[in-house]
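Hello,

Here is the structure we talked about handing over. Please open it first, then read the notes below.

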Amino acid sequence: MSVPRFWRKQVARYNLIGTHCTNCKTYYYPPRSMCPKCRRDGKTENYKFSGRGEVLTYTVIHTAAEGFEKQTPYVLGIVKLEEGPSLTSQIIADPGTMKIGMKVRPVFRKLGESGEKGMIYYGTKFVPE
Amino acid sequence: MRDVAIIGIKTTRFGENWDISLRDTITEAGVGALEDAGVTGEEIDAIIVGNMSGGQFIEQEHIGALIADYAGLAKELHVPATRVEAACASGGLALRQGIHAVASGLEDIVVAAGVEKMTDISSSSASTALAAAADREWEGIMGATFPGLYAMIARLHMHKYGTTSEQLAQVAVKNHANGVHNPIAQYHNKISVDDVLRSIMVADPLHIFDCSPITDGAAAVILAPADIAHKYTDTPVYVKATSQASDTIALHDRKDITTLAATVEAGKRAFRMAKLTPGDIDLVEVHDCFTIAEICAIEDLGFVKKGEGGKFTEEGNTAIDGKIPVNTSGGLKSCGHPVGATGIKQAAEIVEQLRGDAGKRQVNGAEIGMTHNVGGSGATAVVHILSRNR
């Protein structure tokens with residue numbers, strides 16, 4: 001991913017900042033510039049999520065995406081945050097201990113890098129509570 | 001709006017075709033379909049081609065013009081050629097756009113085609129290209145792969161409904177058994193449930209044999225107004241419905257991870273348009289990019305209740321001689337999945353079946369068939385209903 005593309009949402013990735021629509025009271029992560037429920041009637045503001053949530057579903061990836069080869073096997077999950085929205089992230093846990101419904105909390109971690117000389121991406125992963 | 005008929009079809013050999021380029025494989029499909037229909041180049045009003053990612057796979061964009069050129073339809077005839085894209089549903093979308101053009105009365109003879117050339121790059125680069133069908137910024141960057149996304153669907157399906165790995169495997173076993181009888185299929189070998197379960201794990205619970213392969217190939221169909229279809233063929237197949245629906249690009253934003261709501265909605269719209277119900281369908285080609293995807297598809301299209309797709313498959317109901325034959329072509333799993341071509345291949349398979357030309361794959365007495373083509377993890381679904389009768 002190019003530097004500007006990552007940088008644009010860097011703060012949201014580092015701090016789990018998403019969107020709250022003050023019109024319909026719905027929370028969104030990843031952030032959205034327009035509330036998909038209220039559309040043009042929506043009023044969006046930034047919102048920092050607590051990051052507490054539960055695992056909705058997960059997989060253990062053995063054949064990695066490009067750039068993730070050294071991390072296998074890694075756990076990828078969909079985490080439902082307590083405010084409502086769900087996101088995709090890695091869960092740092094022994095694959096054998098993973099369970100649907102388990103409680104997780106966020107941690108700041110390296111996500112990957114653009115080759116040896118490129119930028120390093122950081123963001124939010126999750127660990128069991 | 002005019003009724004539309006399919007008057008010609010051709011699917012090239014699917015597989016790892018290192019000796020054939022994109023332009024040559026799509027030309028073979030187009031020429032084959034024109035010959036099948038008995039249509040001349042001068043009669044063609046427009047070409048619509050589905051192609052997911054010429055840019056990433058062969059560093060070639062402007063696929064429409066390229067195809068018109070190499071088909072001999074550009075330099076003298078200047079036939080308009082348009083490329084459409086909806087990831088793995090690009091082919092289905094090309095068919096739908098072609099139907100729009102003919103139904104509207106704007107065009108008469110339209111070539112709807114699909115093509116993908118995926119083996120000119122390494123399989124890991126091809127996987128990265130395919131991952132662009134998901135949300136690159138919020139799924140891909142976290143290490144999500146396509147098998148990974150469908151594995152998360154499978155995990156939750158198992159948790160909620162008790163679906164088993166054996167039931168998933170049965171989808172692959174059945175599709176390989178069908179593919180054996182399809183001359184253009186990538187694989188012509190039968191496999192067993194044990195073969196699937198013993199194959200390497202890609203993204204738990206999906207093994208490599210739960211996944212469709214990386215494939216080169218092309219397919220084309222010729223569309224015409226139904227009123228003049230008999231001028232070209234004794235066996236026109238009529239378009240009874242075309243529908244399409246969207247859902248969130250990222251899997252995590254869906255209302256229910258185990259339901260492809262775009263499939264549900266596209267299916268409902270198609271049945272409404274055709275004034276038919278799932279019970280009227282004699283066979284269906286669904287988008288089995290992964291074994292779990294076929295189970296979700298037969299549930300979401302209404303052939304079986306939500307959660308019962310695994311058991312239904314295990315009981316043999318989706319085999320060629322079952323209650324509702326699913327993926328007689330071998331599906332994406334065994335026939336192969338050149339992403340942009342798949343939606344057109346599905347329609348060509350249904351036409352072959354409705355003509356009674358499907359040989360050992362033939363569903364006896366097939367009159368009405370359905371196709372279901374999905375883009376990404378379910379952000380686009382395209383459904384068509386085709387019939388022998390107008």
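Let me start with the core. The largest nonpolar core has 50 residues, and B:Y150, B:I153, B:L206, B:F290 and B:I292 touch the most other members. The largest share is that of α6(B), with nine residues. As background, nonpolar side chains in soluble globular proteins tend to be buried together.

One caution before going on: this is a predicted model.

**Chain A**

Chain A has two helices and eight strands. The order from the N terminus is α-α-β-β-β-β-β-β-β-β. Along the principal axes, its C-alpha atoms fill a box of roughly 45 × 35 × 20 Å. Of the 129 residues in chain A, 42% are buried.

A:R109 is a residue to look up here. It sits in strand β7 (residues 103–113) of chain A. Its relative accessibility is 37%, so A:R109 counts as partly exposed. In sequence, A:R109 and A:Y14 are 95 residues apart; in space, their C-alpha atoms are 8.8 Å apart.

**A helix in chain B**

Next, go to helix α4 of chain B, residues 90–104. It has 15 residues and spans 21 Å from its first C-alpha to its last, close to the 21 Å expected at 1.5 Å a residue. Is α4(B) enclosed or open? Of its 15 residues, 12 are buried, so the helix is largely enclosed by the rest of the structure. Among the buried ones are B:G91, B:L93, B:L95, B:R96, B:I99 and B:V102. After α4(B) comes B:G105, which has a positive phi, near 90 degrees.

**Cavities and a pocket**

There are three cavities of 30 Å³ or more. The largest cavity has a volume of about 110 Å³. It is lined by 13 residues, and the closest to its centre are A:Y29, A:T88, A:T124, B:W138 and B:M142. From chain A, β6 (86–91) and β8 (120–128) each supply at least two residues of this lining. By class, the lining of the largest cavity has seven nonpolar, five polar and one charged residue.

The second largest pocket holds about 660 Å³ of space. It is lined by 24 residues, and B:T248, B:H252, B:D253, B:R254 and B:K255 are the closest to its centre. Its lining divides into nine nonpolar, six polar and nine charged residues.

**Backbone details**

Most residues other than glycine have a negative phi, and most peptide bonds are trans. Here are some exceptions to check.

- The bond that joins A:T72 and A:P73 is cis, with omega about -10 degrees. A:P73 lies in the loop between β4 (53–61) and β5 of chain A.
- The bond from B:D204 to B:P205 is cis too, with omega near 10 degrees. B:P205 is in the loop between β5 and β6 (206–207) of chain B.
- B:K275 is not a glycine, yet its phi is positive, about 55 degrees. Its place is the loop between α9 (261–274) and β9 (283–285) of chain B. With 73% relative accessibility, B:K275 counts as exposed.
- B:N327 is not a glycine, yet its phi is positive, about 60 degrees. B:N327 is found in the loop between α11 (309–314) and α12 (331–335) of chain B. Is B:N327 buried or exposed? It counts as buried, at 0% relative accessibility.

Best wishes

Notes: Residues are numbered from 1 along each chain as its sequence is written. Chains are lettered from A and ligands numbered from 1 in the order in which they are written. This is a predicted model: local features need pLDDT of at least 70, side-chain atom pairs count only at pLDDT 80 or more; totals for chains, interfaces and linings use all residues. Side-chain values use heavy atoms; hydrogens and water are left out. On a 1 Å grid over the protein atoms alone, a cavity is a set of points where a 1.4 Å probe fits but cannot get out, and a pocket is an open set with protein on both sides within 12 Å along at least five of seven lines; lining residues have an atom within 4 Å of a point. Grid points are joined across faces, edges and corners, and a volume is the space filled by probe spheres set on the points. Ala, Val, Leu, Ile, Met, Phe, Trp, Tyr, Cys and Pro count as nonpolar, Asp, Glu, Lys and Arg as charged, and the others, Gly among them, as polar. Helices (H or I, at least four residues) and strands (E, at least two) are DSSP runs, numbered from the N terminus. The expected span of a helix is 1.5 Å times one less than its number of residues. Buried means under 20% relative accessible area, exposed over 50%, partly exposed in between (1.4 Å probe, protein chains only). A nonpolar core is a set of buried Ala, Val, Leu, Ile, Met, Phe, Trp, Tyr and Cys residues joined through side-chain atoms within 4.5 Å.
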